[in-house]
Amino acid sequence: MKYAVGVDIGGTNSRIALVDENMNIVERTQFRTDAHDPIPTIVRLSEALKDMAGDKELVGMGVSCPGPLDLINGKVLNTPNLHDSWQDFPIAGEIEKVTGIPTYLENDANLAALAEAVVGEGRDYNYVQFLTISTGLGSGQVINHKIYQGAHGYGHEVAYAPLWRNGPQHGKIYPGGVEAICSGTAITERAKKAGLDVQHAGEVNDLAKQDNEAAMEIMDDAKEYLANFIAILIAITDPEIVILGGSVALKIPGFVQEVEDRVKEKVLTELKPYVKVRPSTLNEDSGLLGAACLAFEHAKDKEAA
């Protein structure tokens with residue numbers, strides 16, 4: 001039995017998992033990320049891997065990290081929750097030096113998309129589009145089990161995609177960008193600016209159900225512009241399935257179905273029967289599983305070469 005290592009680096013914690021060829025997580029652990037210096041994190045990762053792997057045959061390691069990343073050169077760029085020495089740090093190469101294991105970097109949304117395409121809701125399809133709507137809004141597309149990266153490695157870095165002229169402002173996101181309208185944080189911020197006492201998007205949705213006009217408008221905007229954006233993606237890339245993950249999509253009742261209904265109103269007539277917008281069926285392990293998938297796919301490519 002061969003194994004791959006999946007690593008998920010977050011601003012607070014880093015997780016590592018040993019995954020077998022059948023995509024089962026055999027063992028896992030986590031430790032606190034040093035958000036200011038990558039070296040202690042790499043050392044902890046290496047130590048955990050030695051304890052976990054033993055004499056098992058490892059084909060490679062996939063590393064999930066929030067973007068933006070330089071995927072061509074395996075570098076962290078200016079990821080919001082990782083600071084100081086992490087910026088422009090060649091994380092993939094440094095991990096490979098320390099562990100001796102072939103290491104591949106991808107952003108978290110791309111790897112979640114890969115996991116969905118291989119073992120999740122998209123496993124029966126060749127053209128899989130994934131969107132996560134949570135704190136932020138991330139995207140990934142997988143074609144025949146291969147992540148679409150684009151010419152410079154920035155394919156599907158969609159948060160800034162402008163949809164609404166002079167639209168809502170959210171952090172550094174371009175005003176009216178899709179993340180500034182549809183993400184959970186953006187929904188909550190808009191509601192607070194409107195004077196609503198809310199802590200998360202679910203509470204905004206609850207107020208909308210109680211006919212609060214401000215909440216109704218904010219939730220309607222989120223669904224409408226997300227549907228617009230998905231319709232644009234369908235028009236450009238024609239995926240077989242669009243999978244939605246993240247807390248907004250999965251914890252707000254009826255959200256995914258309503259977005260699908262709206263998408264069907266916006267696409268070419270001939271495409272309507274093919275529109276499938278579905279909720280993710282994977283749990284929080286999608287990043288780890290996607291990272292392991294990435295390592296296995298690279299190993300297969302090397303064997304075939």
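Task: Is Arg-278 buried, partly exposed or exposed?

Solution: 
- Start with the cut-offs. Buried means under 20% relative accessible area, exposed means over 50%, and partly exposed lies in between (1.4 Å probe, protein chains only).
- Arg-278 has a relative accessible area of 28%, so it is partly exposed.
- Know your model. It is predicted: local features need pLDDT of at least 70, side-chain atom pairs count only at pLDDT 80 or more, and totals for chains, interfaces and linings use all residues. Residues are numbered from 1 along each chain as its sequence is written, and side-chain values use heavy atoms, with hydrogens and water left out.
- Now look at the pair. Glu-260 sits in helix H9 and Arg-278 in strand S12 (residues 277-279), so the bridge ties together parts 18 residues apart in sequence.
- Check the rule. A salt bridge needs a side-chain nitrogen of Lys or Arg within 4 Å of a carboxyl oxygen of Asp or Glu.
- Helices (H or I, at least four residues) and strands (E, at least two) are DSSP runs, numbered from the N terminus.

Task: Which elements does the salt bridge of Lys-223 and Glu-258 tie together?

Solution: 
- Find the atoms. The closest N and O of Lys-223 and Glu-258 are 2.9 Å apart.
- Locate the residues. Lys-223 lies in helix H7 (residues 213-237) and Glu-258 in helix H9 (residues 255-264), so parts 35 residues apart in sequence are tied together.
- Lys-223 is buried at 11%, while Glu-258 is partly exposed at 28%.

**A bridge across the chain**

Task: How many salt bridges does the whole structure hold? How many residues apart are Lys-2 and Glu-303?

Solution: 
- Side chains of opposite charge can pair when their charged atoms come close.
- Search everything. The count is 16 salt bridges.
- Pick one. Lys-2 and Glu-303 meet at 3.2 Å, N to O. Lys-2 is in strand S1 (residues 2-9) and Glu-303 in helix H10 (residues 286-304), 301 residues apart.
- Lys-2 is partly exposed at 26%. Glu-303 is exposed at 56%.

**The open sheet**

Task: In what order do the five strands of the open sheet lie?

Solution: 
- Set the rule. Two strands pair if DSSP finds at least two bridges between them.
- Read the order: S3-S2-S1-S4-S7, with mixed pairing.
- Find the edges. Strands S3 (25-32) and S7 (103-107) each pair on one side only.
- Take one pair. Strand S2 (residues 13-20) and S3 are antiparallel over seven bridges. Within it, Ser-14 has Phe-31 of S3 as its bridge partner.
- Mind the terms. Contact means heavy atoms within 4.5 Å.

Task: Where do Met-23 and Asn-166 sit, and is each buried or exposed?

Solution: 
- Met-23 is not a glycine, yet its phi is positive, about 65 degrees. It sits in the loop between S2 and S3. At 14%, Met-23 is buried.
- Asn-166 is also a non-glycine residue with positive phi, near 55 degrees. Its loop runs between strand S10 (146-147) and helix H4 (178-182). At 72%, Asn-166 is exposed.

**The whole chain**

Task: How many helices and strands does the protein chain have? What is its radius of gyration?

Solution: 
- Count: 10 helices and 12 strands.
- Compare: the radius of gyration is 20 Å, close to the 19 Å that the globule rule gives for 305 residues, so the chain is as compact as a globular protein of that length. The radius is taken over C-alpha atoms, and the rule is 2.2 Å times the number of residues to the power 0.38.
- Span: the C-alpha trace covers about 60 × 45 × 35 Å along its principal axes.
- Burial: 52% of the 305 residues count as buried.
- Contacts: among those between residues at least 6 apart in sequence, 60% join residues at least 24 apart.
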